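Morning, everyone. I have one structure to walk through today.

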Amino acid sequence: MTAVDASRNAAARERSGLGVFTQDALLQIFLIANTFIMLFPILVMVLNGFKTNAEIFSSPFALPNFQNLSNFEAIATGTSFVRYLFNSVLVTGLSIGFILILGTMAAYAIARYAFRGSGLLLLFFIAGLTVPLKLAIIPLFILMRDLGLLDTQFSLICVYTAMGLPSTVFIMTGFIRTLPRDLEDAARMDGASEFKIMRSVILPLARPAMVIAAIQNLVPIWNDFFFPLVFIQTESLKTLPQGLTTFMGEYNTNWGVLFAGLTLAAAPITLVYIVLSRQFINGMTSGAVK
Amino acid sequence: MSVFKTLGIAAGAAAIAASMVPASASDLTFWSWRQEDKSQYEKYITMFEKDHPDTHIKFKAYEADNYATILSTALAGDQGPDLMMVRAYGAFESVAGPGYLMDLDSKIPALDTFPKAAIKAETLRSDGKVYAVPFASQTMLVMYNKAVFKKNGIEPPKTWDDLMADCKKLKQAGIYPFANGTATAWQNETIVFALGSSIMGKGFYDDLQAGKATFEDPRFVEALAKLDAVKKYFPNGFTGIDYPSSQQLFASGMAGMFAGGSFEIANFKQQNPKLDIGVFPAPPEKTGKDALVSVFYDGGYAANAKTEHPKEALEFLKFLASKKFGQAFANGLGNVSPVPGVQFKSPLLSRIADLNTTSIPYVMLVDFRYEKPSGSVVLQQQIQKMMAGKATPKEVGAKLTKDLATYYKPFQNQ
Amino acid sequence: MFGMRITRRGLWIACLIVPPVLVLALFTVYPIVTALGYAFFDWNGAAQGDFVFLQNFRDVLFREPFATWTRNAFLHNIVVFAVLMVVQNGIGFLIAYALWRNLPGARFHRVAVFLPVVLSTIIVGFVWKLFFNPLFGLVNQTLRAIGLDMLAQPWLGQSSTALGALILVNAWHWIGFPSLIYLAGMQRIPGEIMDAARMDRDSELSILRRIVWPLIAPSATIVFILTFIGSFNWFELPYIMAGVDGSPYGSTDVLGLYFYRTAFGNQSAGTQDFGHGSALAVITFLFIAVVAGFWTVHLRKREIEL
């Protein structure tokens, strides 16, 4: 929120006197209650990760002994958690890499070169925004089988790249169009190749939009469960959300370990979010408020 | 394929090609959904390879939930394994029906000595030929905690009234008589047959088979009514208790009994090695009537009709049908093998094998999982509804009959 | 680039657009179009059989008991959508408004409300499933701790509460999203407009209704459409919390679950059928596309009128 907003609200408060204070108090209570509802379940999840089954069942609200790391040890030693985490990082990283490369290429062509059909092409990409790809899982499954990609992480990367392209092309095209052309024209004067112009003039300028596009794709890809569920079978290739279901099945009667596993699975993205919350919120809502 | 290999294409494709195309003349692939049995199967394969030094078999296990999809799409795309585990009954037919499997009729003499019900599980109804070597039977019965029974001075029940009396005692002692919950759909099918088989009786099953009875038959409805009556001895809020939670209640000793399949035993033992488990069949109405369990076959071992090594594949299947393997299977995996003459070391296992001699089939799986809607789907939903108090046993029977009549001829004129 | 002359520029443009177009064509357009085709065939598991034209559609829409199941799932999707519109988007609007007032701690509240949004549905589903356990779950334990034993129930086990519980979990998971989209819309309202309105001593409620709500209409359009698409694509949360059958006895069944169960089979109960599955996918897809399309046009018109 900007300083202008703040001062305006302050001014409003002065003008309408006490009524506003009551309102503010009510709203503050509402916000605190809401934040409590948002955070309490997550807190309980983390705390239960330090408890034994008996402790969870008999004293659910007590603080645990934080020195008791046996649940977390069970996960580190008894499961492929680290492997899942690595796979998720790999698949998400490569997918976002491909999305940014391919998305920027298309967006740059559409935004900068007047060629026949460029408007139609943009429409083609934007139409992709509306397709619920889950419903095409049967043909996708058969396609992956025929390409020999079933049970490989490349199948996921292909689908995620296709899923992420539409919004990325949309965001990037809009952004590149707002960039001034002077720098490119100057570079062209100097005899730089088109490739060089794209790489050393446009790419650095487009970086903020790329961050937004990357974050917008990060959360859905990192959290996706449906496509690995269908495509990936081999234990060592599973991503974190999918591995979590295997693990929940194996330890289904040891709640302490379950909560510890859920806590660990939630930790990476939560920590990144807390550090980069402003960028996350901008990134994830920006496609929507354009 | 050989072109691919000489070109040495991209690593991913090469790996796939390698898994499909044997490098030497006698490398065979063997697919399974039993990830947890991998090390045991590797031992069995070593046993086989000792006598067949030129044949190498590579075991690969997939996740059980997706195995059917993986296998049938691989077979449809000519990328299937040489050897594979297939399920039984309807799920077996979806693989055998399109002609993917090698016909084993009169190729494996040992199969002639297998129990008829086992062979039926792996026989295609349309041509009457057998396509897989059956590997294990599972039994629906009641498991009980011996220590809990002893402490409360109760014996495994002989009649339904005994069961209700036992339950009452346990409940008074502050123990959940049954650990079962109904939140997980398929658990609703297991409890019907684990608890109700003897009330239905053999006569009902024979009449059903002969097309002379439907699920509106009083014997079936009475079995459901008994189940409906025993639910007051299920845990509080049992409609919200899912499969893992009920396993937990039994394994931890908080509950005295678990109505379910014999496949649970290994899992209970693993969760609580000190647990002393006994089993008893569904109690009949009165003494003197048969106490029945209900039995089904898990699946079988099959060979790909298009394998490049039909001779080696058949050799391996012969091994899997041998008493030597049956014995190793029973010892190593703790399952009841259908191979005749196998001795069961564990007393629990041999007790279950005994009980299997007085049994009815696990009806819905054995007879009504070939078409849509499957009997299991309808039964599971309806029992869940009945247990929640939203349907009567009679209504369940009527709904089952009506929905299955859409394709099951004998129900259509009744 | 379509002419005879292949210029360097044409080649360069082709280099830029062909790869992304190919990826989208192969992994989005092709599967969607093929899904339509598959629905016209009979399938034996995953093996394609005869051309049966509309038989699969007739089955899932009119043949019993499939027709009842389809209708049941569809009605649940509508309930999900309606309740989320009120609860998730309504409370979301209130949160946005409260955050917009920039009270002390607003930044913290903003980060907190959005935190569940970044978590995987799998995590959220499993955590709440454990919380809803009738014997050991947090929800009933809390009720018992404050003396409300009467209210402790098997929330996910009874048809009267299961779907509601799932919808509330969904609202908990996603409420940060509409909140912050509305907030972004509010922050774009020019300060002068608000000042002028407050000068007129209008009540805050009427300012909200007459000024704020119309001005954030574009945000509302986005929120409504995404809620609609999300409600009819609902799969992960019921899959984790209620199971693939939509337990108990179909009271949490939705089109996504029904489609998945039909296409990929249910290992412990059913058969696998790509034909009925594809028909369901096509019907769902067409429904979403047509309704979302018309509604977007309508909402956009409203944005201008307001």
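Start with residues 12-33 of chain C. This span is 100% helix and 0% strand. Its end C-alpha atoms sit 30 Å apart. Keep in mind that this is a predicted model.

Why pick that span? Because UniProt, in an unreviewed entry, gives it as a "transmembrane region" of chain C. The entry places the same feature at residues 74-99, 111-131, 162-184, 211-235 and 278-297 of chain C. Such annotations may be inferred rather than shown by experiment.

Take another one from that record, residues 211-235 of chain C.

Now chain A. How is chain A divided? Domain 1 covers 3-69, and domain 2 covers 75-289. Their C-alpha centres are 32 Å apart. The two domains do touch: domain 1 of chain A puts in eight residues, and domain 2 of chain A puts in seven.

Which elements give two or more residues to the domain 1 side in chain A? They are α2 (18-48) and α3 (53-58) of chain A. The top contributor is α2(A), with three residues. By class, that side has three nonpolar residues, four polar and one charged.

On to chain B. Both of its domains are written in two pieces. Domain 1 of chain B is 2-131 + 299-334. Domain 2 of chain B is 138-296 + 357-412. Between their C-alpha centres there are 33 Å.

What does each domain of chain B bring to the contact? Six residues come from domain 1 of chain B, and eight from domain 2 of chain B. On the domain 1 side, helix α5 of chain B, residues 89-96, gives the most, with three residues. That side of domain 1 of chain B holds three nonpolar, two polar and one charged.

Last stop, where chain A meets chain B. How many residues does each chain supply? Chain A supplies ten, and chain B supplies 14. Look at helix α7 of chain A, residues 137-147. With four residues, this helix gives the most to the side of chain A that touches chain B. And the make-up of that side of chain A? Three nonpolar, five polar and two charged residues.

That's the tour. Questions, please.

Key. Residues are numbered from 1 along each chain as its sequence is written. Chains are lettered from A and ligands numbered from 1 in the order in which they are written. This is a predicted model: local features need pLDDT of at least 70, side-chain atom pairs count only at pLDDT 80 or more; totals for chains, interfaces and linings use all residues. Domain bounds come from an automatic or database domain assignment. Ala, Val, Leu, Ile, Met, Phe, Trp, Tyr, Cys and Pro count as nonpolar, Asp, Glu, Lys and Arg as charged, and the others, Gly among them, as polar.
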